[in-house]
Amino acid sequence: MSIETAIGLETGQPYPYSRVELVEPDWTRFPGWKDVTAEDWASVQWQRAHCIKNVKQLRELLGDLVDERFYADLERDQAERATMSMLVPPQMMNTMVPHALDQGGPSGPGSLTDAFYADPVRHYMIPVFSDRRTDWSSHPHATRDSLHEHDMWVAEGLTHRYPTKVLAELLPTCPQYCGHCTRMDLVGNSTAVIDKLKFVGKPNDRLGDMIDYLRRTPQVRDVVVSGGDVANMPWPRLESFLMSVLEVENIRDIRLATKALVGLPQHWLQDDVVEGMSRVAGVARSRGVSLAIHTHANHANSITPLVADATRAMLDAGVRDVRNQGVLLNGVNADPHALLDLCFRLLDGAQIMPYYFYMCDMIPFSEHWRVSVADAQRLQHHIMGYLPGFATPRIVCDVPFVGKRWVHQLADYDQERGISYWTKNYRTSIEAESADALSRTYEYYDPIHTLPEAGQRWWAEHSDLDSSALKAAEVAEASRRTAALQAW
Ligand code: SF4
């Protein structure tokens with residue numbers, strides 16, 4: 001036992017901190033990778049070529065270590081529920097059941113089934129039908145573009161929601177697809193239940209239009225360069241776009257969004273990428289622009305030595321900071337210990353700054369992952385005080401038509417019906433003419449299965465209404481609350 005653990009236990013702290021060394025799990029424990037060498041593993045080409053994309057490939061990897069019932073469960077999910085197609089790089093796959101088949105453990109047919117079902121990374125990367133709710137699998141207000149980003153496009157793929165910052169969706173693909181993806185409307189291949197939206201413009205025209213908008217909009221100072229995942233853009237094209245952004249006088253912050261730093265760190269360790277990042281970071285530094293990477297890890301098991309190496313390579317190349325934006329998910333991390341384990345693994349092991357945990361957005365079939373605002377508030381309370389203040393993540397709710405709000409910032413909360421009411425202090429790009437943009441309330445909805453009986457009954461009764469009648473009842477309630485707030 002480490003000294004820190006001993007101190008934690010002696011003082012009876014609810015969370016007993018202990019420093020944990022990062023480990024790359026042994027990928028040869030999986031039958032399909034028993035002959036894979038360290039050289040193969042380090043190769044981004046090998047990783048991309050051996051992603052798990054379907055049930056057949058998963059079966060070839062795991063064989064009979066996992067029961068047929070799991071594969072059937074997965075097939076049913078893909079046919080009836082999945083909003084994202086399957087794409088799991090070996091690096092991510094290897095962080096599932098990391099201790100399975102350790103010496104002395106069970107290793108026969110079916111021996112991995114229970115552990116695989118329970119695994120937190122599997123829960124969001126390879127969702128199965130039995131994971132999902134059967135009562136309310138989707139919230140009545142779930143939508144494909146739950147944040148209404150497309151409504152705020154000022155050029156195709158360029159969302160202008162906040163006063164001084166924009167989100168540039170450069171491309172609609174990633175090296176890995178997360179089951180809970182908030183951009184499920186656009187990102188990835190179509191699934192049996194979701195036909196994906198396609199960009200209409202040619203890639204070069206779209207990027208040119210984005211740069212034009214930045215040039216003619218001096219109030220924008222901050223660009224989140226995202227997708228999808230920028231790791232899927234050929235480096236020369238990404239570098240050229242970033243250099244164009246750096247030429248725009250008003251831009252002071254550039255943040256690159258890439259889950260691949262965690263899911264496919266081999267990408268960010270390639271020589272041409274590291275050298276290219278060094279050039280971009282050099283120009284950024286000379287112009288006083290902060291260049292950062294934002295990644296997306298949801299569980300401590302995802303943080304391995306290769307993730308730390310890739311982060312180090314980016315920091316050495318001149319990136320000012322690498323920050324983590326996780327998603328709060330039931331079955332994955334919606335527990336104070338899991339959140340703190342992840343934050344310490346990020347900070348101590350990989351020099352990644354814990355930054356945000358987003359509540360899972362209201363997309364279709366996500367109810368089993370979502371938590372209520374009240375639970376998110378409790379989690380925020382429980383994780384305070386252990387990490388340095390600068391590395392204590394905020395749990396945020398991305399409220400439709402509003403944007404990120406800390407979970408304690410709500411204006412009102414009907415806990416029986418699970419409706420929270422939020423206000424904002426700026427106009428989005430679609431509200432220039434709106435008289436009540438700064439005074440009205442906006443709603444966010446808790447998962448119905450988490451509500452008290454009376455609330456569940458209310459939703460059951462009102463779910464018979466067509467959506468416009470439901471909306472009218474809620475608009476009336478929201479107006480009443482807005483008036484009450486204004487009076488106050
Ligand atoms: S990496 Fe991000 S954009 Fe890509 S599937 Fe996952 S959540 Fe969606």
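**A tour from the sheet to the ligand**

Start by selecting strand E7 (residues 321-328) and strand E8 (residues 353-359) in this predicted model. The two strands run parallel and are joined by six bridges. Within this pair, select asparagine 324, which stands opposite proline 354 in E8.

Next, select helix H9 (residues 203-215), which packs on the sheet. H9 touches E1, strand E2 (158-159), strand E3 (165-169) and strand E4 (222-226). The direction of H9 makes about 100° with that of E1.

Now show every strand of the sheet. It is an open sheet of ten strands with mixed pairing, in the order E1-E2-E3-E4-E5-E6-E7-E8-E9-E10. Look at its edges, where strand E1 (153-155) and strand E10 (403-406) stand. Each has a single partner strand, so one side of each is left without a neighbour in the sheet.

Move on to the largest nonpolar core, which has 117 residues. Select Val88, Val225, Ile254, Leu328 and Ala376, the residues with the most contacts inside this core. Then select helix H15 (residues 336-350), which supplies seven residues, the largest share of the core.

Stay in the core and centre the view on leucine 328. Leaving aside residues up to four places away in sequence, leucine 328 touches Asn333, Ala334, Phe357, Tyr358, Met359, Cys360, Val371, Ala376 and Ile395.

Finish at the ligand. Which residues surround the ligand? Select Cys174, Gln176, Tyr177, Cys178, Cys181, Arg183, Val187, Gly228, Asp229, Lys259 and His296. Coloured by type, this shell divides into five nonpolar, three polar and three charged residues.

Key: Residues are numbered from 1 along each chain as its sequence is written. This is a predicted model: local features need pLDDT of at least 70, side-chain atom pairs count only at pLDDT 80 or more; totals for chains, interfaces and linings use all residues. A residue is near a molecule or strand if its C-beta atom, placed from the backbone, lies within 6 Å of it. Ala, Val, Leu, Ile, Met, Phe, Trp, Tyr, Cys and Pro count as nonpolar, Asp, Glu, Lys and Arg as charged, and the others, Gly among them, as polar. Two strands pair if DSSP finds at least two bridges between them. Helices (H or I, at least four residues) and strands (E, at least two) are DSSP runs, numbered from the N terminus. Two residues are in contact if their C-beta atoms, placed from the backbone, lie within 7 Å. Axes are lines fitted to C-alpha atoms, for helices over the stretch in contact, and angles run from 0 to 180 degrees between N-to-C directions. A nonpolar core is a set of buried Ala, Val, Leu, Ile, Met, Phe, Trp, Tyr and Cys residues joined through C-beta atoms within 7 Å. A residue is buried if 20 or more other C-beta atoms lie within 10 Å of its own, exposed if 12 or fewer, and partly exposed in between; C-beta atoms are placed from the backbone.
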